[in-house]
Every structure is written in structure tokens, then in C-alpha cells.
Amino acid sequence: VDEEAVLDYVKGLAKTYNTAYKPKTLKTSYGPEVTISNGAYGWKIDTEGEEAQLLEDIKSGKSVEREPVYSQTANSHGENDYGNSYVEINLTSQHLFVYKNGSLVVDSDFVSGNLSKGHGSPTGAFSVTYTTTDAVLRGEDYATPVKYWMPFVYGQGLHDASWQSAFGGNRYKTGHGSHGCINLPEDQAALIYNTIDGGYPIIIY
């Protein structure tokens, strides 16, 4: 077996079927469609793992039907890889929507990254790294305890923010904005925490 040819074939598969880092479209909860061009969320074939598995399959001489070996998986092979369970975060409206199996479970105002200090929240398609309770968020000049912590990229995440007296509006543009995280009312953070888990898609625009 020409192993180089196998690797080339696998690289071709990856180029065709990987969806990580590729633009995605989202029909927003407000109606218009947006294109999300940034972010690692999506399918990603493990080229080395798939090459090894394919060589093994060929050498076994048997007919095999299987999924490729992935280094990263997503929700769906359909039109959109995030499927119908995801968190939609609209930074302009300072409002988010959590969908699970196509049903709206949570919608809430929030406060995102402080624009006046250059801490704007990141945009793109990401996945929740993990979820935990009773975490302490630390930065250069702060250590803040939160009840619900759901990070998704660059150390940013969704969490409750008892210090915020209100949510939504233009608070994020000035002194009330966060270091980049999505600050939520505690009851809404609890609802989200009980709905999502590691790997859940976060689409932020």
C-alpha cells in the first residue's frame, strides 16, 4: 500500500468535510441571516489517526463502513454543523437565546466586554470547554467568585454576575462592561448551566 497516497486521500477528505474554522450561516432569532467567519467549532478529521485506521482497514481486506477518525466533533452533518442545539449571543442587542433540540429554553439580557477599555467580547463559533460551579475568575487585578462558570474561548465564558445592577442596553460600552465574559443574571445563568454541557456550540456575533 502506498502510504503517501493514503495520506493524500485523507487530506482530501479533511479539506472537503472539515467544518472547523470555515464560515457558517445562522438564521438569527431576530430574522436576518448572519455569516460567522471566525472560530474553531466544527468537524475536524484527525489526519494521522484516520491514515492509520485506513491502512489497517485496507490490510484487513474486509469491507468497512464507519465515520472518519475525528480530532473534533460537532452536533450535526446537516446544513449547519451546530445543528439545532446552540447558544446564540447577539452583542449588539446584548441578548442571548439558548436552543435545545430546536426549542428555545432561555432568552436573557446580558452585559458583555467593556468596549471603552478594549475588552470587547470575541465573535465566532466556539464550543463550551466545560461547565462548573463555584469558580473564582482571576485576572491581573481581580479575583471574582461566581456560582456558574461556562468558559468557551480565550478564558472568556458565560457566568452569573451579582455585582451588575442591571443587564442589557448600552452598559457594556462603558464602566459596567466585563473583561470579555458574558455577565448574566444568576437565575438565567443557572438555567443555562442546567441546559448545556462541554462541547455545546456558542455562536456569538
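**Close-up views of aromatic pairs**

**View 1. Accessibility of Tyr148 and Tyr193.** Tyrosine 148 has a relative accessibility of 18% and therefore counts as buried (under 20% relative accessible area; exposed is over 50%, partly exposed in between; 1.4 Å probe, protein chains only). Tyrosine 193, at 21%, counts as partly exposed. The model is predicted: local features need pLDDT of at least 70 and side-chain atom pairs pLDDT 80 or more, while totals for chains, interfaces and linings use all residues. Residues are numbered from 1 along each chain as its sequence is written, and side-chain values use heavy atoms, without hydrogens or water.

**View 2. The pair of Tyr30 and Phe97.** Rings of Phe, Tyr and Trp (its six-membered ring) pair if their centres lie within 6.5 Å; planes under 30 degrees apart are stacked, over 60 edge-to-face, the rest tilted. Seven aromatic pairs are counted by this rule. Tyrosine 30 sits in the loop between strands E1 (24–27) and E2 (33–36) and phenylalanine 97 in strand E6 (residues 95–100), so the pair ties together parts 67 residues apart in sequence. Helices (H or I, at least four residues) and strands (E, at least two) are DSSP runs, numbered from the N terminus. Tyrosine 30 is partly exposed at 43% relative accessibility, and phenylalanine 97 is buried at 9%.

**View 3. The pair of Tyr148 and Tyr193.** These two tyrosine rings are tilted, 5.4 Å centre to centre with 45° between the planes. Tyrosine 148 belongs to strand E10 (residues 142–153) and tyrosine 193 to helix H3 (residues 186–193); the pair links distant parts of the chain, 45 residues apart.

**View 4. An aromatic cluster.** Tyr82, Tyr86 and Tyr99 together form one cluster.
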